[in-house]
Amino acid sequence: MVFKLKHKPARGGSMRGWPAKFRNFFMDSKRRRKQVFTLFSLGGLVFLLYILGGLFGRSHTSKAAAPQKVHGYYLNDIQAKMPLIFPKVQDAPILKELKIKGLFILRIDVNKVGRYVLKESEPPMTEKEKAEITDSKALAKRMFLDHGKMVYRKPTDYPEVVIVTLIDFDYYDQQSLLKIVQNRVNYAVRHKYGVYVRWAQEFIPAVQKQNVKDSYDSFKPLIMRAAIYAFPQAKYFWFLDQDALIAQKDISLQSHLLNSEMLDASILRSVPVVAKSNIKTYEHLPVENVDIIYPQTNDGEIDTSSFIVTPSVYSKAFLDYSGDPLVRGFDWNSDSHCIGHILQWHPTLLARTALVVPKTIASVFDPTQSTNKKLDAQTLHYTDGDLVVSFSGCRERGSCAQDVGTFYEHIEGNQE
Amino acid sequence: MSSSMPYEASLDEEKKRQFTKKFKLVDRIAASIIRHKKLFLVLFSLLFVAFWFGFPQFGLWSKDPKIVIILAVNEGGGVLKWKGEQEWEIERISIQNKRAYAKKHGYGLTLKDMHTAKRYSHEYREGWQKVEVLRQTMREFPNAEWFWWLDQETLIMEPEKSLESHIFKRLDSLSYRVLDEFNPLNLQLDLPYVDYTGDVDLLITQDCGGFNLGSFLVKNSEWSKLLLDIWWDPVCYEQKHMIWEHREQDALEALYANEAWIREKTAFLPLRSINSFPPGACSEFQGDSRFFYNEKEHDFVVNMAGCSFGRDCWGEMQNYGSLLERRTTRWYRSFF
């Protein structure tokens, strides 16, 4: 304390200058209060800004320039006038005569392996060119190659559902093909849906095993992807095999299955994905998460003859993946085996998939049973009143064309 | 004492006044503490516990990092061969480097143990570890926006550069999405249905032999989760495991080659932007300015890719470590 006193600066006298002023400045209680208040409020403001800045963290944008325009298998499009896109079925006999060899270019590589290829950049035939072609074979070929370029881009009255079918001119005769296509068109027109029918043979250049018999199943994801491209604003894409007819023309698919109550009731929850599998479908599957719908057959297998996808990232991933040549290159027993594997091994896709009861979109016609039997829980095969009659198994019986004929008469006769 | 005697009375008074003025506030606080001893003890204990054991989400400042660096450490983990002194040191330097970088820019850092495990030893399952670690990390940091995967043998050479300024802000000019200029795998350039208008969710680089996943960025998105789910499938792996030397890299290449949905979200960065090589990697392309670390051009990251295959990891790490030290040392450091 003594030392402190000694070293204490002298007060008053000549030393009274700025230090005193300085002290006075701070000692003046009114001014000081003002000073302190301003300082604190400034500090508080900065602090507040800091906190707020932390709350609204910067977001990292990840846009990069799009280098290319999206296109389908072909680089050029043809605008369709109607949402009903189907090939000229009358050409079936000519196409059958031309064979694959006559329709595509065969390219032989260095290993002497021949592959059919597609000229993606070929521009579509103009009306003038069309008029100039007199040879029916050449015209049919050009129409065949141009058919995949059809897209529907009208902004108004857009169809919500598109029915997708692959038709094979080698298997069915012209009359049966007409019935198959007409059946879908009639249904679509009634409910303002779209139709997207392509020749199965159109997809030959896109696959490894270049024949319809081996690759028909791998065409399914390809045609679905093409349909999503052709109908960019549609909400649902329904693949319906050529060996099936829509039997109830008055029921719309949306009221029958796609609305949330109906779908919720139809979903098979907590059942093995394929028979005897340990992996089960999700117990909790909200309807709004459903992007892929497959019926499960009565034996617990996945029925790939009729399925529905939405144009979401999940469906696109599912279609791209199930159409990947590497995945298809595996030695699958059946298409159902392949799809069953994908769903079992990829829970992210399974979480977007609804397996539904077959009666909804794939009632199988059983020739040994009566079709007008009263509906009860025990009836698993097709009975009158079901939306779809599927003839799966008709190829083994050899009765596909006959079944199509019989049911077509029945359906169209009933309702007209 | 004697010298102060004459002044004592008046000065004492003065001193007292000064003292009381000076210490009035402290006194008052101390007095109030003494009065509410128990309350302050509880308050202090609570603050103490919160500080040392508290949850980060309760903090005022702490928020989830928007970018999380995933550092793959302990590669091999001494399972198949001894982990020597040098390996430990490499790991230490690498972790130190990323930790300092993450701290500087406020990123998250998570270290992921990549030791050889039996579950990945089957020939169909090898290479699956990276994908599983990524999925696990995405669950761990649900609020992160981007994940930056880094292999152990990497060094961030320019810790001043933030990922925002170096990558994200100039993604438009830096990245490329069509492999027309550099396509070491000769992949098909154009696939149907690829829609490049959306956001980029995966940023990878290509080295002389194809895709390189030693340093890549993946966004925390639905798409990424789907990719991580699809990436590995025994059906593909079984057909290709003899050909796919680089495992998950080859699997991704195969997906990219054929599937539009993968392609439309993937963009490529030049190798030297996040993944420069030392001269030992891609050595057959000596002198190619696309691949190798260049000090003068301030390359961001050096990745001693494949240094454990017949090269000297420790030597390379030392070399780049001392270079980094030289570069980042400030002039005033020489004084103390």
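Strands β3(A) and β4(A) form a hairpin with 5 residues between them, and A:K112 in the turn has a positive phi of about 65°. Helices (H or I, at least four residues) and strands (E, at least two) are DSSP runs, numbered from the N terminus, and two strands are taken to pair if DSSP finds at least two bridges between them. The model is predicted: local features need pLDDT of at least 70 and side-chain atom pairs count only at pLDDT 80 or more, whereas totals for chains, interfaces and linings use all residues. Residues are numbered from 1 along each chain as its sequence is written, and chains are lettered from A and ligands numbered from 1 in the order in which they are written.

A:I105 stands opposite A:V117 in β4(A). Chain A also contains an open sheet of 3 strands in the order β9-β14-β13, with mixed pairing. Because β9 (244-246) and β13 (363-364) of chain A stand at the edges, each with a single partner strand, one side of each is left without a neighbour in the sheet. β13(A) runs parallel to β14 (residues 388-390) of chain A, to which 2 bridges join it; A:S363 has A:V389 as its bridge partner in β14(A).

The contact between the chains takes 36 residues from chain A and 40 residues from chain B, two residues being in contact if their C-beta atoms, placed from the backbone, lie within 7 Å. On the side of chain A that touches chain B, the elements giving two or more residues are α1 (2-7), α8 (212-230), α11 (313-322), α12 (325-328), α13 (335-345) and α14 (347-350) of chain A. α11(A) gives the most, with 6 residues. This side of chain A divides into 19 nonpolar residues (Ala, Val, Leu, Ile, Met, Phe, Trp, Tyr, Cys and Pro), 12 polar (the others, Gly among them) and 5 charged (Asp, Glu, Lys and Arg).

In chain B, helix α9 (residues 248-258) has several buried residues, including B:E248, B:L252 and B:L255. A residue is buried if 20 or more other C-beta atoms lie within 10 Å of its own. The buried residues of α9(B) pack against α12 of chain A together with elements of chain B, among them α4 (129-140) and β6 (210-219).

B:M304 lies in the loop between β8 (301-303) and α12 (313-328) of chain B. B:M304 is buried, with 29 other C-beta atoms within 10 Å. Not counting residues up to four places away in sequence, B:M304 touches B:E153, B:P278, B:C313, B:E316 and B:M317.

Conventions. A residue is buried if 20 or more other C-beta atoms lie within 10 Å of its own, exposed if 12 or fewer, and partly exposed in between; C-beta atoms are placed from the backbone.
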